[in-house]
Amino acid sequence: MKIKFWGVRGSIPCPGPRTVKYGGNTACLEIWFEDIERLIIVDAGSGIRELGNDIMKRDIVKKGIRAEILLTHTHWDHIMGFPFFTPIYIPGAQLTVYGPVTYEDETLEDTVGGQLTYRYFPVRQAELAAKIEYISLKEEKLDLGDGITLTTKYLNHPVLCLGYRVEYKGKIFCTAYDTEPFQNVFCSDPNDPSYDEDMAKEGEAVAREENQRVGDFFSGSDLLVYDAQYTKNEYKSSKVGWGHTSIEHAIDFSEKSGVKKLALFHHEPLRADKEIDDLAQNFCVPKKNSGMDVFFARESEEIII
Ligand SMILES: [Zn+2]
Ligand SMILES: [Zn+2]
């Protein structure tokens, strides 16, 4: 599998002189399976626009573009590039869009394709030339054919959000974004009037169990791409409950889960290149015990596993 990053930022695109090195586009990466000529895309943030332009220069255009787009969730930074993805306008292109099931009134198609209405955009969904199929996912395991398997896992985010585990020829690629460690949802302060000892213990146990399930989900990954938007200090000071992980937790938790290579991802848009470089100096040192390799994902970077 060749993984290429097309957008590594969270929340909102942030192009400009401060973000030239790591890039300013929001979440999008591709997995290219060279031997079977299959293409899987994870998320349709603003980075998918450049990916679409690149695809149009590839040989697969002649054979007919076929791609699976896995959406981790439908927050705007993960779907905003979809209307600008050129293959949706190409006759004969076949795209399958997977995403977490929505329990609201709107279907996945309404949520993603609904960006293509005159209210927001000059082209309507009905005018797209590609054949686009939408498939809603829960926690499940799917056979994508050609020996590719896909497993999904719910993460902890303010909207339903899936982690993806893609396995092919003994190699494992995982995503864990956007997510935050599961927490005890009950009051754990004995001095608080709402404190209930049994509920506090129960909440603790549930959070521990859910975190364990997430760790099991990406254990043994050859590459894990993990939401690490904040530092631990930023997280603790004002970001608890926002649905993102600290760099420190991502590293520690991945190492304990037996991950081989960790890409820190979904960078805070306020973070300039120099600041990420400084964080990398601190955090991206080979881990003595596990040998796990850690790096901050950079737009255009390719990793082969
Ligand atoms: Zn996001
Ligand atoms: Zn999100």
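Student: Let's start with the metals. How far apart are the two zinc ions, and which residue coordinates both?
Tutor: The zinc ion (ligand 2) and the zinc ion (ligand 1) are 3.4 Å apart, with aspartate 178 coordinating both. Keep in mind that this is a predicted model.

Student: Okay, noted. Which protein donors does the zinc ion (ligand 2) have?
Tutor: They are His73 (NE2), His75 (ND1), His157 (NE2) and Asp178 (OD), lying 2.1 to 2.3 Å from the ion. Along the chain, the spacing of these donors reads H-x1-H-x81-H-x20-D.

Student: And where in the chain do histidine 157 and aspartate 178 sit?
Tutor: Histidine 157 is in the loop between E8 and E9, while aspartate 178 is in the loop between E10 and H4. The two are 21 residues apart, and the pair links distant parts of the chain.

Student: Buried or exposed, those two?
Tutor: Histidine 157 is buried, and aspartate 178 is too.

Student: Why is the arrangement around the zinc ion (ligand 2) called irregular?
Tutor: Because the 4 donor atoms subtend angles of 89 to 169° there. For four donors to count as tetrahedral, all angles must lie between 85 and 135 degrees.

Student: Now the other ion. What coordinates the zinc ion (ligand 1)?
Tutor: Asp77 (OD), His78 (NE2), Asp178 (OD) and His266 (NE2) do, at 2.1 to 2.2 Å. Their spacing in sequence is D-H-x99-D-x87-H.

Student: What about the angles at that site?
Tutor: They run from 92 to 166° among the 4 donor atoms, and the site of the zinc ion (ligand 1) is irregular.

Student: How accessible are aspartate 77 and histidine 78?
Tutor: Aspartate 77 has a relative accessible area of 6%, so it is buried. Histidine 78 counts as buried as well, at 0% relative accessibility.

Student: What is histidine 267 in contact with?
Tutor: Leaving aside neighbours within four places in sequence, histidine 267 is in contact with Val8, Arg9, Gly10, Gln229, Ile276, Phe296 and Ala297.

Student: Switching to sheets. What order do the strands take in the one that includes E12?
Tutor: That open sheet has 7 strands in the order E7-E8-E9-E10-E11-E12-E13, with mixed pairing. Strand E7 (141-145) and strand E13 (293-296) are at the edges; each has a single partner strand, so one side of each is left without a neighbour in the sheet. On average, neighbouring strands are turned by 20° against each other, direction ignored.

Student: How do E7 and strand E8 pair?
Tutor: In the antiparallel sense, over 4 bridges, with strand E8 covering residues 148-154. Lysine 141 stands opposite threonine 151 in E8.

Student: Which strands does helix H4 lie across?
Tutor: Helix H4 (residues 197-217) lies across E8, strand E9 (162-168) and strand E10 (171-176). The helix runs at about 165° to E8.

Student: And the sheet with E1, what is the strand order there?
Tutor: There, 7 strands form an open sheet in the order E6-E5-E4-E3-E2-E1-E14, again with mixed pairing. Strand E6 (131-137) and strand E14 (302-304) take the edges, and each has a single partner strand, so one side of each has no neighbour in the sheet. From one strand to the next, the twist averages 20°.

Student: How many bridges join E1 and strand E2?
Tutor: E1 and strand E2 (residues 28-33) pair over 5 bridges, in the antiparallel sense. Lysine 2 is opposite tryptophan 32 in E2.

Student: What does helix H1 touch?
Tutor: Helix H1 (residues 48-55) packs on this sheet and touches E1, E2, strand E3 (38-42) and strand E4 (66-70). The direction of H1 makes about 165° with that of E3.

Student: Last topic: how many aromatic pairs does the structure hold?
Tutor: There are 6 aromatic pairs. One of them is phenylalanine 5 with phenylalanine 265, a tilted pair at 6.0 Å centre to centre and 40° between the planes. Phenylalanine 5 is in strand E1 (residues 2-7) and phenylalanine 265 in strand E12, 260 residues apart. Both phenylalanine 5 and phenylalanine 265 are buried.

Student: Which residues make up the aromatic cluster with Phe5?
Tutor: Phe5, Tyr177 and Phe265 form one aromatic cluster.

Definitions and conventions. Residues numbered from 1 in each chain as written. Chains lettered and ligands numbered in written order. Predicted model: local features only at pLDDT ≥ 70, side-chain atom pairs only at ≥ 80, totals over all residues. Heavy atoms only, no water. Contact = heavy atoms within 4.5 Å. Pairing = 2+ DSSP bridges. Axes fitted to C-alpha atoms, helices over the stretch in contact; angles between N-to-C directions. Phe/Tyr/Trp six-rings, centres within 6.5 Å; stacked < 30°, edge-to-face > 60°. Buried < 20%, exposed > 50% of the residue type's maximum accessible area, 1.4 Å probe, protein only. Donors = N, O, S within 2.8 Å, 3.2 Å for Na, K, Ca; no water. Tetrahedral: all angles 85-135°; square planar, octahedral: opposite > 155°, others 65-115°.
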